[in-house]
2 protein chains.
Amino acid sequence: MKTAALPDEDPIDVSTQSIRDSIRDAIVDRRLAPGTKLSETDVGALFNVSRTLVRGALQALSYEGLVNVEKNRGAFVAYPSPEEARQIFATRRMIEPGILREAAKHMGPSHFQHLRQLLMEEGRLMGERGQTARRAEIKASGDFHLMLASMTGNAVMQRFMDELVARSSLVIALYGQSAISSCGHQEHQDIVTAIERKDLDHACHLMVHHIDHIEADLDMRENKGSDLREAFKL
Amino acid sequence: MKTAALPDEDPIDVSTQSIRDSIRDAIVDRRLAPGTKLSETDVGALFNVSRTLVRGALQALSYEGLVNVEKNRGAFVAYPSPEEARQIFATRRMIEPGILREAAKHMGPSHFQHLRQLLMEEGRLMGERGQTARRAEIKASGDFHLMLASMTGNAVMQRFMDELVARSSLVIALYGQSAISSCGHQEHQDIVTAIERKDLDHACHLMVHHIDHIEADLDMRENKGSDLREAFKL
DNA sequence: AGCCAACAGATCGTATACAATTTAACCACG
DNA sequence: CGTGGTTAAATTGTATACGATCTGTTGGCT
């Protein structure tokens with residue numbers, strides 16, 4: 001089977017970084033399905049670079065948990081197991097309250113402005129129909145959590161959240177079922193309101209339950225078809 | 001200047017992974033000083049591998065924040081700025097309380113056994129003298145936080161903590177001054193006691209202050225000699 | 001026909017080769 | 001004697017080459 005199509009940008013100046021970003025965007029945007037094989041040769045051909053750079057990009061993505069590289073077999077878009085998915089959300093429950101409290105310390109009126117603006121956009125997308133709008137909605141939903149993280153002014157933490165949100169997106173792509181975060185949008189608003197009211201305890205409470213709700217909306221039964229190899233012990 | 005000496009293990013079967021681990025151990029153990037250049041050729045010669053594998057290892061370490069790779073200039077043992085150091089500890093304050101609460105849910109008598117055992121070892125090292133004992137003491141101090149993280153049973157979170165502890169170790173190597181965690185050891189014990197007593201609120205409180213104390217023991221004045229290049233914008 | 005073995009094609013792992021950039025040395029010149 | 005510019009060495013960036021491993025197929029054997 002050939003590797004699924006990637007966006008064929010005009011190859012003016014491509015580096016490891018840009019390849020990595022392109023592939024990651026494609027994964028997070030669900031244009032690359034979980035489990036898809038990412039052949040070094042094919043990807044290299046698409047970007048007009050050698051396997052060397054492709055390998056670098058794939059290795060980096062494997063650190064981020066978006067790609068699995070199996071020795072002598074190649075790289076595949078990550079196919080997170082239910083257990084892995086649970087750990088990702090458990091991790092978010094452990095750190096996002098901390099982020100929220102820290103962000104609140106740094107937030108001024110302009111920050112609330114930005115958040116409200118993001119929520120507006122999110123609400124607008126919920127009204128629309130179609131695959132594209134759906135993708136944008138999921139992305140916006142993640143952006144809310146990322147924006148909160150950015151308001152801590154902490155680059156280390158922000159990178160952790162980048163990774164967690166990206167992997168969450170993969171999990172939702174795999175196991176998500178309903179009209180997704182229809183409720184999530186309202187919960188985002190409630191969280192912002194609580195922060196604005198300086199009621200951080202309540203805001204954290206809402207945040208944890210919000211993450212619970214996202215996870216509860218997943219149907220994580222095993223064997224959506226792939227892990228056979230792992231099912232029988234490597 | 002030649003690259004500083006690395007442990008010359010008998011080169012039976014070396015892979016990217018083992019190179020990465022060796023270099024990381026050397027950095028965390030302070031056998032490689034911050035700012036040291038890691039020449040691809042030299043490192044490759046030490047391990048009897050080609051630059052290809054070395055580059056992979058260095059790239060991985062750069063993702064972990066232990067190495068900085070500057071384009072066309074090479075890789076250097078990370079030299080965290082005071083700001084970066086603050087962010088690392090701020091991140092730990094944000095997530096370690098969450099870890100503590102989650103770990104507490106999973107802890108049985110045997111887990112407390114393990115923790116107490118680690119604390120014993122830590123106390124023993126405090127009594128000894130010499131560089132080696134000092135190194136072991138710092139390592140044991142980090143291991144306490146790592147063991148707590150491992151008790152969450154969450155591999156994602158554990159990886160985050162691995163990174164944070166390793167980078168903290170670098171920061172302490174750079175900016176640490178006093179007899180270090182002499183007090184830290186007692187604080188570790190107090191934290192375990194509080195957890196055992198099911199007083200998680202207090203345990204979290206102790207944990208946050210413990211991290212505060214570690215950070216307060218640093219002397220983070222700028223310009224320990226290197227950042228000239230960065231001081232003048234790239 | 002069914003099954004196992006040998007083979008061929010494809011893909012990955014590692015090393016080497018060459019181009020681009022930086023760093024250091026050297027020498028002319030003020 | 002210090003300064004600036006040109007050149008050579010060293011180092012990194014990228015591509016290619018070759019060996020190893022895996023996968024799928026074919027052909028012979030029972």
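Me: A polar contact is a pair of N or O atoms within 3.5 Å; within protein, one must be able to donate a hydrogen and the other to accept it, and residues adjacent in sequence count only if both atoms are side-chain atoms. How far is a sugar or linking oxygen of DNA strand D from an N or O atom in the side chain of A:Asn72?

Reply: This is a predicted model, in which local features need pLDDT of at least 70, side-chain atom pairs count only at pLDDT 80 or more, and totals for chains, interfaces and linings use all residues; side-chain values use heavy atoms, without hydrogens and water. Residues are numbered from 1 along each chain as its sequence is written, while chains are lettered from A and ligands numbered from 1 in the order in which they are written. For the side chain of A:Asn72, the distance between its N or O atom and a sugar or linking oxygen of DNA strand D is 3.5 Å.

Me: Which elements give two or more residues to the surface near DNA strand D?

Reply: Helices (H or I, at least four residues) and strands (E, at least two) are DSSP runs, numbered from the N terminus. The side chain of B:Arg55 places an N or O atom 2.3 Å from a phosphate oxygen of DNA strand D, and that of A:Thr52 places one 2.8 Å from a base nitrogen. The elements that give two or more residues to this surface are helix 3 (51-63) of chain A and helix 3 (51-63) of chain B.

Me: Which element gives the largest share of the surface near DNA strand C?

Reply: DNA strand C is surrounded by 17 residues, the closest being A:Arg51, A:Arg55, B:Ser50, B:Thr52 and B:Arg73. A polar side-chain atom of B:Thr52 lies 2.8 Å from a base nitrogen of this DNA strand, and one of B:Ser50 lies 2.8 Å from a phosphate oxygen. With 3 residues, the largest share of the surface near DNA strand C comes from helix 3 of chain B.

Me: Which residue of chain A comes closest to the rotation axis?

Reply: Superposed by least squares on the C-alpha atoms of residues with pLDDT of at least 70 in both, chain A can be laid on chain B with an RMSD of 0.1 Å by a turn of 180 degrees and a shift of 0.0 Å along the axis. The two copies are therefore related as by a two-fold rotation axis. At 2.5 Å (C-alpha), the residue of chain A closest to this axis is A:Ile95.

Me: What angle does the direction of helix 3 of chain A make with that of strand 2 of chain A?

Reply: Chain A has an open sheet of 3 strands in the order 1-3-2, with antiparallel pairing (at least two DSSP bridges between two strands). Strand 1 (37-38) and strand 2 (67-70) each have a single partner, so one side of each is left without a neighbour in the sheet. Helix 3 packs on this sheet, touching strand 1, strand 2 and strand 3 (contact meaning heavy atoms within 4.5 Å). With axes fitted to C-alpha atoms, for helices over the stretch in contact, and angles running from 0 to 180 degrees between N-to-C directions, the angle with strand 2 of chain A is about 115 degrees.

Conventions. A residue is near a molecule or strand if one of its heavy atoms lies within 4 Å of it.
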